Amino acid sequence: MEYNFKNTEARWQKNWADQSIYKVDDESDKEKFYCLAQFPYPSGAGLHMGHVAIYTYTDAIARFKTHQGYEVLHPMGWDAFGLPTENHAIKMGVHPAEITKKNVANFRKQLDSLGFSYDWDREINTSHPDYFKWTQSIWMKLHEAGLTYKSEMPVNWCDTCKIVVANEEVDADGTHERCHNPTEQRNMKQWMFKITQYAEQLLEGLDELDWPESSKKAQRDWIGKSIGAEVQFNINAFDESLTVFTTRPDTLFGATYMVLAPEHPLVEKISSAEQKDIVKEYQNKSARKSSFDRSEMNTEKTGVFTGAYATNPLNGADIPIWIADYVLMSYGTGAIMAVPAHDTRDFEFAQEFKLPIIRVLREDGVPDEDLNEAFTGDGMLINSSNDDLNLNGLNKFKAIDTTIQWLEEKSLGKKAINYRLRDWIFARQRYWGEPFPVIYNESGEMELLKESDLPLTLPQVSSYQPTDTGESPLASIDDFVNTTDNNGKPAMRETDTMPQWAGSCWYYLRFMDPNNSEAFASMARQKRWGRVDVYVGGTEHLNLHDLYSRFWHRALYDLGVVAEKEPFQKILHQGMILGADGSKMSKSIGNVVNPDILIEKYGADVVRLNLCFMGPVEANKPWNETGLDAIRRFVSRTSRLIYEKEKWINGDGEGDALVALHKTIKIVLGDMERYRFNTAIARMMELLNALQKADKRGKGALEKLLIMLSPFAPHFCEEMWQLLGNEGSVTRASYPNFEEKYLVEDEVEIAVQILGKLKLRVNVAAGLNPQEQQDVVLAMPSVQEKLAGANIKKVISVPGRLINFVIAK
């Protein structure tokens, strides 16, 4: 007899739902564990294999921690507002609200078919008024704290999506991360978040988090802290000065020209009459380029002389002021000092436009020769002195400190810290998003809505197409735009909406207290659930959602409305499920795998087991359907073992099978704690082999195997658990413990090495000390044969592991 998933999976799913077996008890006295996967936006395509993988991983973790006796919070909801849903709705010609409702129903059906352990009473939807009421409320709190503002500025415009996109949403190639089409620069008035105000906190907070070092580095690099100096350059013939930030103030004597961003506010004022037209023409050309195009190292160097000069504060030299599109107004001060001898881009620019190159650094022991390329090493200072400052002969660090001290004494500069991080653009010119709870009175002054007026909902419209002008479709809906202020006088509503990140910045908090009508989450519930213990999601969100959520959370902590400084204690990044050819799954390539078809053919448990067995969670894994057949055979073999009731005996068994059981429990326990699901499953396969060889099988051993297997194959294990005569659900069974007495071995296998190279493996008695192990091994004929005629200089004996003979060559 063999197990048939078609007769059991739907039945157990109904049973779990009827018994509310996954209901979370907020008042439980058990230790808490909060396990969360990044929630999906409900697209029309339904679940893809990437979704199935990430939710299988978190379900395995949640079930494992439940077995360990934790009260587990493992919720699910829908990131339903924003661009992905709206674009799909436009494509299908259906209102976003209707398509969201339909897609959510399909997603939930698919998730249920996989047997995930969600408490659906905690389900949230970011586009539901009961949810986005609190998104709007949180935004108002942050606004009242001075963390938002509206400003006209150069922004990244995606003409395909008809929206402004944040810097973090522009990929390295200058395209919009959502549609992969080019972005361009436009000047527009936008709502902004002062995320830069939290740059240092966001950096410091990383130290206390259990994140992969590569993930921490990604956020540190994005925030981009630099320590250096702000230096003042006075502009000749104008009562104006330019401030530049540099990490290398020691190279100031080598600054031979300055470059401003074409959009710098002083460009028009300082440009000479002879240069104004050419400067204006260059500005217009630059405005049509994206930030990526402008900052690319390999692009042609272009620029225009403004006709103005500034004074180098260290040597008094008049240096020309140019504009060039590789300098961005959004980074630093929008002005740089150029030291062409020691910066590759400056060197190439200086060569292109025949500008002077003065060397001020020399590598120790190398003659001062003409440069064919920029010297970008540290070196020793040369050609760097004036009447009361001499840097010559100093190293980089001493010269930097000396220069900053001199600048501060002369009131020409100061030590400064700069961040690469820019303020966050927080507005979209689209319909399907949270309306800003903002109105403008007759005087044009902004007013916030009252909390009692929330939620501010979207108007019901038949057309919500984006506009080419950059104006939100809401702007054309008079009944929405025209309103009254808090004094009953005519006013107008803000017509931009919040980006899709708004609802996801805080959703993990709402899961703690999803039905609270008085607060987004009570402080008691926040203290009960604390930080998310493990958060599973992709690395592509590190400098988007993950960073934004940390910013909101820290700001809310400072306002006293959240209980923790950080939202996610541990992040686990899942790799991609690739096509069989190793490429990314794509409909256009034709390598997409439909999970519904796999579940129908193999059953949910086999699909889940296979995903966890394919490789480490964080690795990219090519899909291979033959693996499903191997997993199906494993499940069938396990079922046959249990169906053979005549071989059951009470207890955990005896002999080799008993030893194998306890070894497996110990190893699987460690693997599960480290989320090494593939090796945990491999160990259970080995245990199955050991149990099959046994003439009699301990019923307790079979039960323990099912508990270990349950996080991956819950339907199968539930069915087999009942077959073994157990009452209640296997889900609530305690995780097995191993006994040390069964782990003590009479013999151990050790490696025998000569000069560090493996020659053979031998068995020795367990528990020998280094000398005893050496004596035993040297007495073995097989070892003597390998050492015949050798002059042994040294023996390294590691008990129970290896012995290495160092011989004269």
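This is a predicted model: local features need pLDDT of at least 70, side-chain atom pairs count only at pLDDT 80 or more; totals for chains, interfaces and linings use all residues.
## Domains

The protein chain is divided into two parts, with domain 1 covering residues 225–419 and domain 2 covering residues 745–808. Between the C-alpha centres of domain 1 and domain 2 there is a distance of 65 Å.

## Tyr 440

Tyr 440 belongs to strand β20, which runs over residues 438–440. Along the chain, Tyr 440 and Lys 23 are 417 residues apart, and their C-alpha atoms are separated by 46 Å.

Which residues does Tyr 440 contact, leaving aside its neighbours within four places in sequence? They are Lys 150, Trp 191, Glu 445, Met 446, Ala 491, Met 492, Arg 493 and Glu 494. With one of these, Lys 150, the side chain of Tyr 440 also forms a polar contact of 3.2 Å.

## Arg 531

Arg 531 sits in a loop, with α16 (523–529) on one side and β24 (534–537) on the other. Is Arg 531 buried or exposed? Its relative accessible area is 15%, and buried means under 20%, so Arg 531 counts as buried.

Not counting residues up to four places away in sequence, Arg 531 touches Lys 32, Tyr 34, Glu 208, Leu 209, Glu 564, Lys 565, Glu 566, Pro 567 and Gln 569.

## Cavities

Rolling a probe the size of a water molecule over the atoms shows where empty space is left. How many cavities of 30 Å³ or more does the model contain? The count comes to four.

The largest cavity has a volume of about 60 Å³. It is lined by Gly 82, Leu 83, Glu 86, Ile 163, Arg 428, Arg 430, Trp 432, Gly 433, Thr 497, Met 498, Pro 499 and Gln 500. Sorted by class, the lining of the largest cavity has five nonpolar, four polar and three charged residues.

The second largest cavity has a volume of about 40 Å³. Of the residues lining the second largest cavity, four are nonpolar, three are polar and three are charged.

Terms used
Residues are numbered from 1 along each chain as its sequence is written. Side-chain values use heavy atoms; hydrogens and water are left out. Helices (H or I, at least four residues) and strands (E, at least two) are DSSP runs, numbered from the N terminus. Buried means under 20% relative accessible area, exposed over 50%, partly exposed in between (1.4 Å probe, protein chains only). Contact means heavy atoms within 4.5 Å. Domain bounds come from an automatic or database domain assignment. A polar contact is a pair of N or O atoms within 3.5 Å; within protein, one must be able to donate a hydrogen and the other to accept it, and residues adjacent in sequence count only if both atoms are side-chain atoms. On a 1 Å grid over the protein atoms alone, a cavity is a set of points where a 1.4 Å probe fits but cannot get out, and a pocket is an open set with protein on both sides within 12 Å along at least five of seven lines; lining residues have an atom within 4 Å of a point. Grid points are joined across faces, edges and corners, and a volume is the space filled by probe spheres set on the points. Ala, Val, Leu, Ile, Met, Phe, Trp, Tyr, Cys and Pro count as nonpolar, Asp, Glu, Lys and Arg as charged, and the others, Gly among them, as polar.
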